Amino acid sequence: MGFDESIMRVISVRRTDAMTQVIQGIGDAGMRIEVLEIGALAGVFAVVATRSWRVGGIAAASLLLGDFIAHWLKQVVRRARPAGDLTLWPEIHSWAMPSTHAAATSALAMGIFLAVEWRSPPIRHAAGTALVVAVVFIGGCMVYLGAHWPTDVLAGWLLGVGVGGAVAWTTGKLRPNRDTANDLPSDTPGVR
């Protein structure tokens with residue numbers, strides 16, 4: 001028995017009916033197109049209301065690229081999902097590695113975290129903590145339900161963090177540096 005199967009066996013015997021109902025409800029809701037559409041609309045409204053075009057672009061690019069790369073890698077890796085008594089979602093028949101949910105959510109979270117110009121270190125810390133909790137919760141739900149092996153989720157997180165970081169870094173390099181004059185001492189020639 002390998003690492004993944006050992007963890008899944010422990011989880012499968014410790015599932016409770018109440019916890020399973022809650023997590024299945026969250027999982028089912030997360031798969032509904034209406035919920036995804038509402039989430040996308042909320043994101044668009046937040047970007048428009050705050051005029052955070054750069055953050056919105058980085059968030060969207062990170063999410064879409066993380067999702068696309070994870071789907072592509074699934075076709076390369078071709079790892080089967082947990083089956084039998086290890087899963088509560090036996091109807092899922094696509095490949096497992098890496099978790100698309102883990103890759104997309106961690107890419108989105110990393111993109112947002114790096115793109116936003118936080119007003120203070122405590123706000124940055126609180127936002128980072130909230131994003132990590134959300135990403136870990138979603139990945140944990142995937143493992144609890146038996147939709148993914150733990151290492152599928154871990155691989156998705158690593159992929160997503162890399163994608164979100166790369167998107168934010170790339171857009172930062174493409175962004176004109178408008179603050180150069182503000183970084184120079186006031187007695188520097190040519191600075192007004």
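## A bridge across the chain

Which side chain meets that of Asp85 in a salt bridge? The partner is Arg9, at 3.2 Å, N to O; a salt bridge is a side-chain nitrogen of Lys or Arg within 4 Å of a carboxyl oxygen of Asp or Glu. Asp85 sits in the loop between helix 4 (53–77) and helix 5 (100–115), while Arg9 belongs to helix 1, 76 residues apart.

This is a predicted model, in which local features need pLDDT of at least 70 and side-chain atom pairs count only at pLDDT 80 or more, while totals for chains, interfaces and linings use all residues. Residues are numbered from 1 along each chain as its sequence is written, and side-chain values use heavy atoms, without hydrogens and water.

Across the whole structure, a search finds four salt bridges. Another of them joins Asp152 and Arg79 at 2.7 Å, N to O. Asp152 lies in helix 7 (residues 150–174) and Arg79 in the loop between helix 4 and helix 5, so the pair ties together parts 73 residues apart in sequence. Asp152 counts as buried because its relative accessibility is 0% (buried means under 20% relative accessible area, exposed over 50%, partly exposed in between, with a 1.4 Å probe and protein chains only). Arg79, at 23%, is partly exposed. A network of salt bridges links Asp4, Arg79 and Asp152.

How values were computed: Helices (H or I, at least four residues) and strands (E, at least two) are DSSP runs, numbered from the N terminus.
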